[in-house]
There are 2 protein chains.
Amino acid sequence: MTEPDHQNLGLLCFYPHRAMEARLLAAMAEEGFDDITAAQGRIAARIGPQGTRLTDLAEQALVTKQTAGHLVDQLERAGYVRHVPDPTDARARLVQIAERGWAVIALAREVEARVEAEWTAHLGEETTAQLRAALTRLREVTDPYR
Amino acid sequence: MTEPDHQNLGLLCFYPHRAMEARLLAAMAEEGFDDITAAQGRIAARIGPQGTRLTDLAEQALVTKQTAGHLVDQLERAGYVRHVPDPTDARARLVQIAERGWAVIALAREVEARVEAEWTAHLGEETTAQLRAALTRLREVTDPYR
DNA sequence: ACCATCTAGTCAGAACATCTGACCATCGTC
DNA sequence: GACGATGGTCAGATGTTCTGACTAGATGGT
């Protein structure tokens with residue numbers, strides 16, 4: 001926030017993130033997945049292969065349980081995810097990716113790869129590898145969840 | 001969106017950005033600037049030293065003129081910015097930083113420096129410099145506004 | 001000068017995202 | 001078993017953002 005010409009690292013990180021998200025959303029809308037929003041995507045992106053608890057999703061996405069629940073409801077109504085009871089805890093419900101969800105994930109992977117390829121073309125292989133390594137290490141101190 | 005374990009670059013960029021924004025907001029609230037929100041800050045961050053037109057702010061922040069106008073109104077009511085007529089165009093109004101705005105900007109700079117210092121301590125000087133250089137170059141293809 | 005067109009900004013209304021607070025059901029433990 | 005902790009929902013409020021329609025002023029060609 002509030003920088004004139006010297007770009008702080010946080011802000012510099014913002015541009016690629018925004019660009020990637022915009023590309024993903026645009027590609028999805030183009031392929032018929034036009035009933036998905038950025039907030040829904042951010043939640044959905046954290047669902048594990050076997051399903052994830054709502055509370056865990058909320059925690060990782062840094063939103064409240066209520067917000068997560070609301071977004072998951074929408075995703076469920078649109079057919080992207082499904083709720084199943086957690087066999088190990090009768091209170092909990094696992095959120096799992098449904099068929100339509102897998103389809104959109106496959107598309108997202110493609111687009112991610114395409115965009116990263118463009119970035120690599122701009123920066124060069126070595127710089128991109130360094131960038132990824134630095135960001136991964138930075139995550140250790142900027143991501144409270146792993 | 002939608003990554004399981006291989007972290008795409010866009011998402012990797014998200015963590016530092018979110019961390020920086022959270023730190024800024026927390027520090028501001030602590031120092032008494034508790035009437036500012038993330039969205040307002042994102043707009044305010046793009047105001048130039050001599051003032052900036054609403055339309056330009058909207059364009060750079062990738063929001064509509066209406067959204068920008070709304071946020072600027074709030075910032076004005078809180079005393080962070082002020083509206084002055086643009087001498088070169090009677091239709092336009094320049095948004096300028098007001099006294100209270102300068103105070104919060106000074107604080108933001110301090111916090112940015114502090115957080116970056118922490119990151120540098122974690123990554124090392126050289127890696128941090130490489131990271132900044134890579135992100136700056138990446139901005140050329142991910143930021144439509146310069 | 002004059003009109004067509006473009007640009008800066010506002011108004012109105014709606015959708016969405018997000019929060020706080022209160023609540024219920026179930027789990028784990030002493 | 002009773003009790004505090006945890007998973008999740010309900011209700012209501014606030015904030016952010018959009019689309020569409022509009023006004024006022026600028027600009028360029030004839």
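Between chain A and chain B, an area of about 5,500 Å² is buried, and carbon and sulfur atoms give 66% of it. The model is predicted. To this contact chain A brings 54 residues and chain B likewise brings 54 residues. Two salt bridges are found across the interface of chain A and chain B. In a salt bridge between A:Arg18 and B:Asp143, the closest N and O atoms are 3.4 Å apart. Twelve residue pairs, with both residues at pLDDT 80 or more, are in polar contact between chain A and chain B.

On the side of chain A that touches chain B, two or more residues come from each of helix H1 (9-30), helix H2 (38-44), helix H3 (54-61), helix H5 (99-123) and helix H6 (125-142) of chain A. The most is given by H1(A), which supplies 15 residues to this side. By class, the side of chain A that touches chain B comprises 27 nonpolar, 14 polar and 13 charged residues.

A:Asn8 is placed in the segment before H1 of chain A. The side chain of A:Asn8 takes part in a polar contact of 3.2 Å with the side chain of B:Glu112. Within chain A, a polar atom of the A:Asn8 side chain is 2.9 Å from the backbone nitrogen of A:Leu11. The relative accessible area of A:Asn8 is 0%. A:Asn8 therefore counts as buried, because the cut-off for a buried residue is under 20%.

Chain A contains six helices and three strands. Their order from the N terminus on is α-α-β-α-α-β-β-α-α. The C-alpha trace of chain A spans about 50 × 35 × 30 Å along its principal axes. Of the 146 residues in chain A, 49% are buried. Among the contacts in chain A with a separation of 6 or more, 47% are between residues 24 or more positions apart.

DNA strand C is surrounded by 22 residues, of which A:Thr37, A:Gln66, B:Thr55, B:Lys65 and B:Arg91 are the closest. Sugar or phosphate accounts for 60% of the atoms of DNA strand C within 4 Å of the protein, and bases account for the rest. Individual pairs of atoms involve both phosphate and base. A polar backbone atom of A:Thr64 lies 2.9 Å from a phosphate oxygen of DNA strand C. For B:Thr55, an N or O atom in the side chain is 2.6 Å from a phosphate oxygen of DNA strand C. In the case of B:Lys65, an N or O atom of the side chain is 2.3 Å from a base nitrogen of DNA strand C.

The surface near DNA strand C draws two or more residues from each of H2 and helix H4 (65-77) of chain A, and from each of helix H3 (54-61) and helix H4 (65-77) of chain B. H4(A) gives the most to this surface, with five residues. Seven nonpolar, eight polar and seven charged residues make up the surface near DNA strand C.

Conventions
Residues numbered from 1 in each chain as written. Chains lettered and ligands numbered in written order. Predicted model: local features only at pLDDT ≥ 70, side-chain atom pairs only at ≥ 80, totals over all residues. Heavy atoms only, no water. Contact = heavy atoms within 4.5 Å. Buried area = accessible area lost by both parts, 1.4 Å probe. Salt bridge = Lys/Arg side-chain N within 4 Å of Asp/Glu carboxyl O. Polar contact = N/O pair within 3.5 Å; in protein donor to acceptor, adjacent residues only side chain to side chain. Helix = DSSP H or I, 4+ residues; strand = E, 2+ residues; numbered from the N terminus. Nonpolar A, V, L, I, M, F, W, Y, C, P; charged D, E, K, R; others polar. Near = heavy atom within 4 Å. Buried < 20%, exposed > 50% of the residue type's maximum accessible area, 1.4 Å probe, protein only.
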